[in-house]
Amino acid sequence: MVDKEILLEVKDLKVHFPIEKGLLIKKNIGSIRAVDGVSFSLRQGESLGLVGESGCGKSTTIMAISRLERITSGQVLFEGQDLSLMKEQELIRARQNFQIIFQDPYSSLDPRMRALDIVSEPLRIFAKKGIITLDDASIEKKALSLLDRCGLSSTFADRYPHEFSGGQRQRIGIARSLSLGPKLILADEPVSALDVSIQSQILNLLKDLQDEFNLTFLFIAHDLAVVEYFCSRVAVMYLGNIVETASSKTLYEHPLHPYTKALLSAVPIPDPIAGKNRKRTILKGDVPSPSQVRPGCPFADRCPQAMEICTKKRPPLVEISNQHEVACFLYHDQEVL
Ligand code: SF4
C-alpha cells in the first residue's frame with residue numbers, strides 16, 4: 001500500500017563515476033562510488049538532515065535526486081512517480097515540485113541579472129513552455145512578493161547580485177527556489193558560506209517558510225548544530241552509505257554508530273567543565289577514497305570498535321528501536337551476523 005504522506009522515497013540509489021584510462025581507446029579501470037546504495041523516505045512537511053564529512057556523497061545524493069547527476073541504479077520516487085525513469089519533458093514538469101537552494105550565494109546567481117529577473121526567471125521559462133499560465137505583469141507581481149517575503153523590499157528589485165551581501169544573495173536564491181511553488185526543497189549547505197550571525201536569520205526564515213508553504217526539506221549541512229536546530233530527523237552518511245538514521249533528539253542524545261559518536265564528540269561545547277569531562281573519539285586516518293571500496297563495513301579501517309566480521313560482511317541498516325536505524329554489527333542480533 002502506498003503511504004500518501006510519503007513525498008520522496010529513495011531506494012538503493014547508486015551514483016558511480018567510471019575511472020577510465022587510455023588516450024584513444026578508453027578502458028574502464030574502476031569506479032568512484034560516490035553514492036553506494038542510499039535508501040530513505042521523506043514525509044510531507046518533514047525536514048531530514050544529511051550529515052557527514054566532505055566527500056561522503058551528500059551533495060551527489062541531492063544532485064542525483066534532482067537528476068542533475070546521472071543515476072547509476074536505484075529509484076527516486078516523488079509522489080510515487082520514479083524520477084529516474086522520466087524523459088526530459090516529463091522531468092521538466094516534475095521539477096516544478098522540487099527546487100534546490102545552493103550552498104554558494106556568490107556563484108549561484110547570474111551576475112548580469114537583476115534580483116527581480118533572477119526570481120521571475122523560472123516563472124517565465126515555465127510560462128513560455130505552457131506549463132503555467134501567467135502573464136508578464138502577474139509574474140513580476142509574484143516575484144516582487146516573494147522577494148518581499150524573503151526580506152528584500154521592492155527597492156532591491158533592480159539591483160544586481162554584486163550589490164548585495166552574502167545573506168541577501170541567499171535570500172534571493174531562496175525566493176527563486178519558491179517561485180514555482182515547490183513541495184520539496186533540496187537545500188545543499190544553504191548557510192555554510194554565511195557569517196554565523198547571518199546563519200540564524202536565514203535558518204529562521206527557512207523555518208517560517210516551511211510552516212507557511214508546508215514545505216518538505218532535505219537539508220545538507222556539515223555543522224551538526226545547524227542540523228539539530230533545523231531538522232526533525234537526521235541521516236548520517238559515510239563513504240556513500242547511510243550508517244545511522246533517527247529523530248534529531250534521539251540521534252544527538254543516544255548516538256549508536258561509532259562514526260556518529262565520533263562526529264558528535266568533535267562538536268565544541270560552550271560549557272568548559274562539561275567539555276572537559278566529555279569523552280572524545282579521535283578517528284584514525286582520513287576518509288578512504290570512494291574508488292577503493294573494500295568488502296565489509298565502509299568504516300572498518302577507522303573504527304575503534306571494529307571486529308573480525310566487520311572486514312568481511314557489510315552491515316545492513318537495521319531498525320534498533322522506534323525509527324532508529326543503524327548499520328553496525330555491534331547492534332545487530334546474532335542471526336544477522
Ligand atoms: Fe565499527 Fe564494525 Fe560497527 Fe563498522 S560494523 S561501525 S567496523 S563495529
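At what angle do helix α5 (residues 166–178) and helix α6 (residues 196–213) pack, and how far apart are their axes?

## Helices α5 and α6

The model under discussion is predicted. In it, α5 and α6 pack at an angle of about 15°, and their axes are 10 Å apart. Angles under 35 degrees count as roughly parallel, and α5 and α6 are therefore roughly parallel to each other. The crossing in which α5 passes α6 is right-handed.

## Helix α3 and its partners

Helix α3 spans residues 115–128, and helix α4 spans residues 136–149. These two helices, α3 and α4, pack at about 135° with 9 Å between their axes. Because of that angle, α3 is oblique to α4. The handedness of the crossing between α3 and α4 is right-handed.

Helix α3 also packs with α5: their axes cross at roughly 25° and come within 7 Å. This angle makes α3 roughly parallel to α5. Here too a handedness is assigned, and α3 passes α5 in a right-handed crossing.

## Ligand site

Where does the ligand sit? Its location is the largest cavity. There are 13 residues around the ligand, and those that come nearest are C297, C303, C310, C328 and F329.

How does the shell around the ligand divide into nonpolar, polar and charged residues? Eleven residues of the shell are nonpolar and two are polar, while no charged residue is present in the shell.

Methods:
Residues numbered from 1 in each chain as written. Predicted model: local features only at pLDDT ≥ 70, side-chain atom pairs only at ≥ 80, totals over all residues. Heavy atoms only, no water. Near = heavy atom within 4 Å. 1 Å grid on protein atoms, 1.4 Å probe; cavity = no way out; pocket = protein on both sides within 12 Å on 5 of 7 lines; lining within 4 Å. Sits in = over half its atoms within 2 Å of the grid points. Nonpolar A, V, L, I, M, F, W, Y, C, P; charged D, E, K, R; others polar. Axes fitted to C-alpha atoms, helices over the stretch in contact; angles between N-to-C directions. Helix = DSSP H or I, 4+ residues; strand = E, 2+ residues; numbered from the N terminus. Parallel < 35°, antiparallel > 145°, perpendicular 65-115°, else oblique. Left-handed = near helix turned anticlockwise from the far one by under 90°.
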